[in-house]
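Hi everyone, thanks for coming. Let me put the structure up on the screen before I say anything about it.

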Amino acid sequence: MKQERMTITKQRMLAPRIYEMTLSGALVQEMTTPGQFLHIRVPDDAFLLRRPISISWIDQESQSCRIIYRTEGEGTKRFAHLQSGDQLDVLGPLGNGFHIEDLQKDETVFIVGGGIGVPPLYELSKQLVAKGVRTIHFLGFASSEVMYYEKAFQALGDTRIATDDGTYGVQGNVGNLLLAADSKPAAVFACGNNGLLKTVEQLFQDCPNVQLSLESRMACGIGACYACVCHKADDPTGTKSVKVCDEGPVFQAGKVVI
Ligand code: FES
């Protein structure tokens, strides 16, 4: 983990309230594992807490990375007003990402995401495809209006989309797509809200490698404040917890109570 003032080289709106920002700087050299996140200071002293945002694309050659975020409050709205050439105080990369070392060429994996949980899955799929792994993407959005990156995922592998309102792809949630899947994956990777993660955990109980990236509110982002705890699954007392920011955000299915 390092801290750096990274330079914004591009910012564009992908969908209403959803932005893609490209950042460049030496910090990119530290970014190797998909699923990690950056903790970014809002460029205004009125905001004390950094905002955790997952890394969606890494390019070592140009020392660039991308983040995709949705404007939720005043802090993230400040990010949306920034332009190419502006700088951001970035801490990272943080957290434990997805483990892909054990996957072999020609194996098939399922990559499952919903809404603003989709971004880190893009870099994950990119790295898996580079290893020769076959990726099938199952992505859910509220509607076609807030859908993004469909073509980018299509370029990496088979991509199936569900929208809550049926304006694109299959109507319903990602669970509907997964129930219709006809192959058995060597691994499943998921990122999204707890409902999506629970569905994945239940549907793939027989799969030996299911990795879930949890969404959590955070404060320090480095394991010091306990703002992001969730309970361990193998603890009958219900008192043992893990910190999503530095022990996660990615956990093997069954390790934590979702
Ligand atoms: Fe502070 Fe996780 S956000 S411990």
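This is a predicted model: local features need pLDDT of at least 70, side-chain atom pairs count only at pLDDT 80 or more; totals for chains, interfaces and linings use all residues.

Residues are numbered from 1 along each chain as its sequence is written, and side-chain values use heavy atoms, with hydrogens and water left out.

The protein chain has six helices and 15 strands; these are DSSP runs, H or I of at least four residues for helices and E of at least two for strands, numbered from the N terminus. Along the principal axes, its C-alpha atoms fill a box of roughly 50 × 45 × 35 Å. Of the 258 residues, 50% count as buried, meaning under 20% relative accessible area with a 1.4 Å probe, protein chains only.

Now, contacts, that is, heavy atoms within 4.5 Å. Among those between residues at least 6 apart in sequence, 62% join residues at least 24 apart.

UniProt, in an unreviewed entry, places "domain: FAD-binding FR-type" at residues 1-100; such annotations may be inferred rather than shown by experiment. That stretch is 7% helix and 49% strand.

And where does our glycine sit? Gly114 belongs to strand 7, residues 108-114. It counts as buried because its relative accessibility is 14%. Leaving aside residues up to four places away in sequence, Gly114 touches Gly140, Cys191, Gly192 and Leu196. Gly195 is 81 residues from Gly114 in sequence, with 9.9 Å between their C-alpha atoms.
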